[in-house]
Amino acid sequence: NGIRSCRNITKRLAEMNRKTLLIDNDLIRGDQHHFFNKKKISYDDFMNINKDNIQDYYISNCLYFIPKVSNLNDSFNFLYNDSYLNKINEIREIFDYVVFDSAPVLSVSDTSILMNYSDINLLVVRHNLSKISQNLQPEFP
């Protein structure tokens with residue numbers, strides 16, 4: 001499934017000695033924190049991440065993980081603002097790769113917003129589960 005795919009991609013990049021971060025940005029159903037045995041974080045925790053405290057999110061050998069932000073009143077406004085974009089840009093300066101685990105593309109607008117911040121977007125489909133009507137045709141500028 002998509003959750004495992006993001007985790008596997010992130011782990012493989014870290015195994016190649018690339019400083020890699022996985023961010024759980026499935027703000028509704030994200031549960032990557034269970035796999036990494038970490039607690040969800042607050043908005044303030046997220047906004048306070050920086051190069052001086054990034055070791056708090058270290059997992060192992062070049063692999064870092066930021067759990068989902070919980071108790072948001074409005075995930076759209078969290079993701080679609082300058083504060084979030086500035087924080088992501090700051091984080092990108094620290095890592096070779098940043099991988100976002102996001103909600104299914106058609107379920108919430110959050111994923112569409114995150115796609116604009118990404119250099120590469122990978123759509124994960126599940127054999128005999130994903131339907132053709134769920135496909136999203138990418139828009140290119």
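## Burial, cores and salt bridges in a predicted protein chain

Cys 6 is buried, with a relative accessible area of 13%, where buried stands for under 20% relative accessible area, exposed for over 50%, and partly exposed for what lies in between, using a 1.4 Å probe and protein chains only. Cys 62, in turn, counts as partly exposed at 21% relative accessibility. The structure holds 0 disulfides, a disulfide being a pair of cysteine sulfur atoms within 2.5 Å.

This is a predicted model, in which local features need pLDDT of at least 70 and side-chain atom pairs count only at pLDDT 80 or more, while totals for chains, interfaces and linings use all residues. Residues are numbered from 1 along each chain as its sequence is written, and side-chain values use heavy atoms, with hydrogens and water left out.

### Overall layout

The protein chain contains 6 helices and 4 strands, and from the N terminus on its elements run α-β-α-α-β-β-α-α-β-α. Helices (H or I, at least four residues) and strands (E, at least two) are DSSP runs, numbered from the N terminus. Of the 141 residues in the protein chain, 35% are buried. The accessible surface comes to about 9,100 Å², and carbon and sulfur atoms account for 47% of it; areas come from the Shrake-Rupley method with a 1.4 Å probe, and for residues only the protein chains shown count as cover. Among the contacts with a separation of 6 or more, 75% join residues 24 or more positions apart, contact meaning heavy atoms within 4.5 Å.

How many residues of strand 1 are buried? The strand is mostly covered, with 6 of its 6 residues buried. In a regular strand the side chains alternate between the two faces of the sheet.

Strand 1 runs parallel to strand 3, to which 4 bridges join it, and Leu 21 has Tyr 64 as its bridge partner in strand 3. Strand 1 is also parallel to strand 4 (residues 97-102), with 6 bridges between them, and here Ile 23 has Phe 100 as its bridge partner. Two strands pair if DSSP finds at least two bridges between them.

### Nonpolar cores

A nonpolar core is a set of buried Ala, Val, Leu, Ile, Met, Phe, Trp, Tyr and Cys residues joined through side-chain atoms within 4.5 Å. The largest one has 20 residues, and Phe 46, Ile 49 and Ile 66 touch the most other members. Strand 1 (20-25), helix 3 (43-47), strand 3 (63-66), helix 4 (75-79) and helix 5 (82-92) each supply at least two residues of this core, the largest share, 3 residues, coming from helix 5. Leaving out residues up to four places away in sequence, Phe 46 touches Ile 41, Ile 66, Val 69, Phe 78, Tyr 84, Lys 87, Ile 88 and Ile 91.

Apart from that core lies another, of 8 residues, including Cys 6, Leu 13, Phe 65 and Val 99. Leu 13 lies in helix 1 and counts as buried at 15% relative accessibility. Not counting residues up to four places away in sequence, Leu 13 touches Arg 18, Thr 20, Tyr 97 and Val 99. Leu 13 and Tyr 97 are 84 residues apart in sequence, yet their C-alpha atoms are 7.8 Å apart in space.

### Salt bridges

Side chains of opposite charge can pair when their charged atoms come close. The structure holds 3 salt bridges, each a side-chain nitrogen of Lys or Arg within 4 Å of a carboxyl oxygen of Asp or Glu.

| Salt bridge | N to O distance |
|---|---|
| Glu 15 and Arg 12 | 3.2 Å |
| Asp 52 and Lys 51 | 3.9 Å |
| Lys 87 and Glu 90 | 3.2 Å |

Glu 15 and Arg 12 both lie in helix 1 (residues 2-15), 3 residues apart, or about one turn of the helix, and Arg 12 is partly exposed with a relative accessible area of 45%. Lys 87 and Glu 90, being 3 residues apart in helix 5, are likewise separated by about one helical turn; Lys 87 counts as buried at 6% relative accessibility, whereas Glu 90 counts as partly exposed at 34%. In the remaining pair, Asp 52 counts as exposed at 67% relative accessibility, and Lys 51 is exposed with a relative accessible area of 63%.
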